[in-house]
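I opened a new notebook page for this structure. The entries below follow the order in which I looked things up.

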Amino acid sequence: MTSLDNNTTNFTADNNNLVESFSKVSSNIINSTITFSDDDSACSFDSEEDEKLLTPPSSSSANLEQEEVIVNKMSNDDDTDWAFWSKVISDYNNFTQSEIKLLSFQIQHGIPSALRGTIWPLLAKKVDNGLQDHYIELLRQDSVYEKAITRDLHRTFPHHPYFQSAIGQESLFNVVKAYSLYDPEVGYCQGLSFVAGPLLLNMPEEEAFCILVQLMQNYKLRGHFTPQLDLLRQRLFQFDGLLQDFLPHIHRHFAEQGVRSNMYASQWFLTMFAYKFPLKVVYRIYDTLFTEGVDCLFRIGLALLSKNQSTILSLEFESLVTYLKDDMLTIYNDNITDLLSESFEIKISTRRLEKLAKDYQIETIKADSEASLIESLRKKNRLLTEQYQSLETENKTIQKEHALVANELISKKVELARVHDENEALKQQATELKRVLEVIPGQIENQVQSDMNILCIKNQSLTQKNAQLQDQLADMESLVIEMKLKYAQSESDRYSLNQKLLDLKKWMNNKV
């Protein structure tokens, strides 16, 4: 590309010759940058460095026709202060504080569409540090995100003819792929394509890549796309705090309806409002972003909510979320200057943002600490649960053994009762025999003696057997006592573990 300093030497402060001299400068700008009107109908650029042009240039006749249209538009637009914008291009780095304020005022009315590709790099303080050459090198490398980028191309600005054309998709693919290689920690997400798209519509892709790097690093958009989304979460937290400060009724209504900022505002911060808003609005937001910094997104978001406050307060959850995502601009009737002017009237102190950032860090640290503690307690709980389950299994085994022993004991007791009954029956028989012997002692003495001997032998045998059974019963009772002691010990251990578990749960509940 030709040097902007050489281009701007054609400007003069003479108001009578301003249009003529500006036409010459705009001709150089058109030949060195992509130019698009706010209606996004044009999509062409040319460059003297053909080896760095990664999008084929349009024909020279088309350039001349477009140049004529733009110059005529400049000449007929009485609201545009061309002298001021020529000074921005030629001497922005030496602007005084008052001129910076005037620039902010002019930004509310928008940078002339033909000059955005020149002025945006100036506002972003782009430095030629070899990044464009590095971009060419990056395009020669392979990225692990190429398939994902290709998959998302047709879903990025789906209604814009340039980004649905092969040339536009290739340019967008190149810029996003190069950034995924340039910043491996960020890699790729679809939001990057929406940030890069408006840049590509105003400048060659290698310069768009450089400005994308500036936005990510100097304007601190990078934290929106890191894997943990740390800075995005912080800005959403800050936005919630500012919403409570400036629009407490909406903040309370959101809380009542369960609407969180990440349901609607995350796409604002991730895509610079490009996901749903028309590109002519996005261009104006970029104008403000490059001038005021990323904090302007807070003001624009608050201005949108303030303008729509009455409608928002009348809606419930589902309708509310849909309205926040899709219909917030309707109330402005395409008058974007009102939106930007209202956002400029909102004053957000740096101290308040810093306080909210500190609050977010404190909340994050507290949440991380509590999460670590909960995870530690969960690990301990898992260990205790495993121990409990092991003891429970052991207890069930002991209970089964105890049941077997109890059944055996019952059978022995039944047998003992049967033997006891037999013994009682024998005793009764012996008594009867004695009574018979007393009645007829003489006749049956010998017979009785014989029978008695037999009965005595049987009785002795039964007595011995009874003694043996008594011994077995004693052994079984000892075994039962021992099993009861083991079972009692097991129950004691289980009760102790249950107590520990209850204490741990109480302690966790107290912590929560």
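**Entry 1: H15 and H19.** I looked up how these two helices run, and H15 and H19 are roughly parallel to each other, because angles under 35 degrees count as roughly parallel, over 145 as roughly antiparallel, 65 to 115 as roughly perpendicular and the rest as oblique. Their axes cross at roughly 30 degrees and come within 10 Å, with H15 at residues 279-292 and H19 at residues 336-345. Axes here are lines fitted to C-alpha atoms, for helices over the stretch in contact, and angles run from 0 to 180 degrees between N-to-C directions. Helices (H or I, at least four residues) and strands (E, at least two) are DSSP runs, numbered from the N terminus.

I noted that this is a predicted model, in which local features need pLDDT of at least 70, side-chain atom pairs count only at pLDDT 80 or more, and totals for chains, interfaces and linings use all residues. Residues are numbered from 1 along each chain as its sequence is written, and side-chain values use heavy atoms, with hydrogens and water left out.

Next I listed the contact (heavy atoms within 4.5 Å). H15 brings Val281, Arg284, Thr288 and Glu292, and H19 brings Ile336, Thr337, Leu340 and Phe344. I sorted these residues by class: 4 are nonpolar, 2 polar and 2 charged. In this scheme Ala, Val, Leu, Ile, Met, Phe, Trp, Tyr, Cys and Pro count as nonpolar, Asp, Glu, Lys and Arg as charged, and the others, Gly among them, as polar.

**Entry 2: H10 and H15.** I then checked helix H10 (residues 190-200), which packs with H15 at an angle of about 90 degrees, the axes 10 Å apart. H10 is therefore roughly perpendicular to H15. Phe194, Val195, Pro198 and Leu199 of H10 meet Leu279, Val282, Tyr283, Tyr286 and Phe290 of H15. The classes come out as 9 nonpolar, no polar and no charged.

**Entry 3: the cores.** Which residues touch the most other members of the largest nonpolar core? I found Phe254, Tyr264, Trp268, Phe290, Leu304 and Leu305, in a core of 104 residues. A nonpolar core is a set of buried Ala, Val, Leu, Ile, Met, Phe, Trp, Tyr and Cys residues joined through side-chain atoms within 4.5 Å. Buried means under 20% relative accessible area, exposed over 50%, partly exposed in between (1.4 Å probe, protein chains only). I followed Leu304: leaving out residues up to four places away in sequence, Leu304 touches Trp268, Phe273, Phe277, Met328, Leu329, Tyr332 and Leu339. Another core lies apart, with 8 residues including Val405 and Leu469.

**Entry 4: Asn395.** I went to helix H20 (residues 350-439), where Asn395 is found. Is Asn395 buried or exposed? Asn395 counts as buried, at 4% relative accessibility. Not counting residues up to four places away in sequence, Asn395 touches Tyr487, Ser490, Glu491 and Arg494. Asp493 is 98 residues from Asn395 along the chain, and their C-alpha atoms are separated by 9.9 Å.

**Entry 5: loops.** I looked at Met272, in the loop between helix H14 (266-271) and H15. Its phi is near 55 degrees, a positive value in a residue other than glycine. Met272 counts as buried at 0% relative accessibility. Phe157 also has a positive phi, near 50 degrees. Phe157 sits in the loop between helix H8 (146-153) and helix H9 (166-182).

**Entry 6: the chain.** Buried residues make up 42% of its 512 residues.
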